[in-house]
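Morning, everyone. I have one chain to walk through today, so please look at the screen.

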Amino acid sequence: MDVGMVRVGLASCDPDGILATPVKTLSRDLKKNSDIKVLVKEAAARGVCQIFVGLPRTMKGEEKASAQMARSYAQLLTQALAAAELAVPVMLVDERLTTVSAHTALHNAGVSSREHRKVVDQVAAVEILQHAIDMQKARNANVGEQVRVHQPSVVGTAGESDHEEVSTISTPSSVPDESTRAR
């Protein structure tokens, strides 16, 4: 999943976790989060076992405002999945240069610059997902930074901690059989 300011590009992979393909582009809905709701429905319908959200870092590896937006989006998605009782881990993965690479691929494929906007987020999503599943296979381990559901602690109860509790969603040790990525 590649999270842009305006659009969310979705990609999915086959059940064997070999090939990422584009799914659709959603408009980001900051007021109602309807795009988050669509993602949760897609995850349930496809039997997704992991979701990758692109984390845009600078070439120096720094995180700016766009990275914070991606983190916030991943947190909203994680909370929505938990509310829907879907134990699907959301992983933040580095997405440096994926949009640039996507534009280059579209240009090389003969797609006009005017048409890029309609599909560039899906192409970037495919690149991020493909890179994530390839890395997982190579390492035989999950990649990225898992986003955790933050739950407020209980205040004033004997024996309870004042610290924020974090629930962990377990991730299958195998490569996912279906994954989705947004932009």
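First, the ground rules. This is a predicted model, where local features need pLDDT of at least 70, side-chain atom pairs count only at pLDDT 80 or more, and totals for chains, interfaces and linings use all residues. Residues are numbered from 1 along each chain as its sequence is written, and side-chain values use heavy atoms, with hydrogens and water left out.

Now the layout. The chain has four helices and nine strands. Helices here are DSSP runs of H or I with at least four residues, strands are runs of E with at least two, and both are numbered from the N terminus. Read from the N terminus, the order is β-β-β-α-β-α-β-α-α-β-β-β-β.

How much of the chain is buried? Of the 183 residues, 41% are buried. Buried means under 20% relative accessible area, exposed means over 50%, and partly exposed is in between, with a 1.4 Å probe and protein chains only. The accessible surface comes to about 9,800 Å², and 54% of that belongs to carbon and sulfur atoms. Those areas come from the Shrake-Rupley method with a 1.4 Å probe; for residues, only the protein chains shown count as cover.

Contacts next. A contact is heavy atoms within 4.5 Å. Take contacts between residues at least 6 apart in sequence: 70% of them join residues at least 24 apart.

On to salt bridges. The rule is a side-chain nitrogen of Lys or Arg within 4 Å of a carboxyl oxygen of Asp or Glu. That gives eight salt bridges.

One pairs D35 with R28, at 2.8 Å from N to O. Both D35 and R28 are buried.

Another pairs E42 with R46, with the closest N and O atoms 2.6 Å apart. Why do I mention their spacing? E42 and R46 are four residues apart in helix α1, so about one helical turn separates them. E42 is buried at 14% relative accessible area, while R46 is partly exposed at 34%.

The next pairs E145 with R71, at 2.8 Å from N to O. E145 sits in strand β6, residues 145–147, and R71 in helix α2, residues 65–83, so this pair ties together parts 74 residues apart in sequence. E145 is partly exposed at 34%, and R71 is partly exposed at 22%. Through shared partners, salt bridges join R57, E63, R71 and E145 into one network.

Next, a surface feature. K31, K32, K37 and K41 gather in a patch of positive charge. A patch takes residues with over 30% relative accessible area and no salt bridge; like charges are joined within 9 Å. Lys and Arg count as positive, and His and the chain ends are not counted. For Lys, the place of the charge is NZ. K41 belongs to helix α1, residues 34–46, and is exposed at 64% relative accessible area.

Last stop, helix α4, residues 113–139, which holds A124. A124 is buried, at 0% relative accessible area. A124 and L10 are 114 residues apart in sequence, yet 8.9 Å apart in space, C-alpha to C-alpha.

Q130 is in helix α4 too. Is Q130 buried or exposed? Q130 counts as buried, at 18% relative accessibility. Leaving out residues up to four places away in sequence, Q130 touches I18, L19 and A20.

Notes
Patches are made of residues with over 30% relative accessible area and no salt bridge: like charges are joined within 9 Å, nonpolar side chains (Val, Leu, Ile, Met, Phe, Trp, Tyr) within 5 Å.
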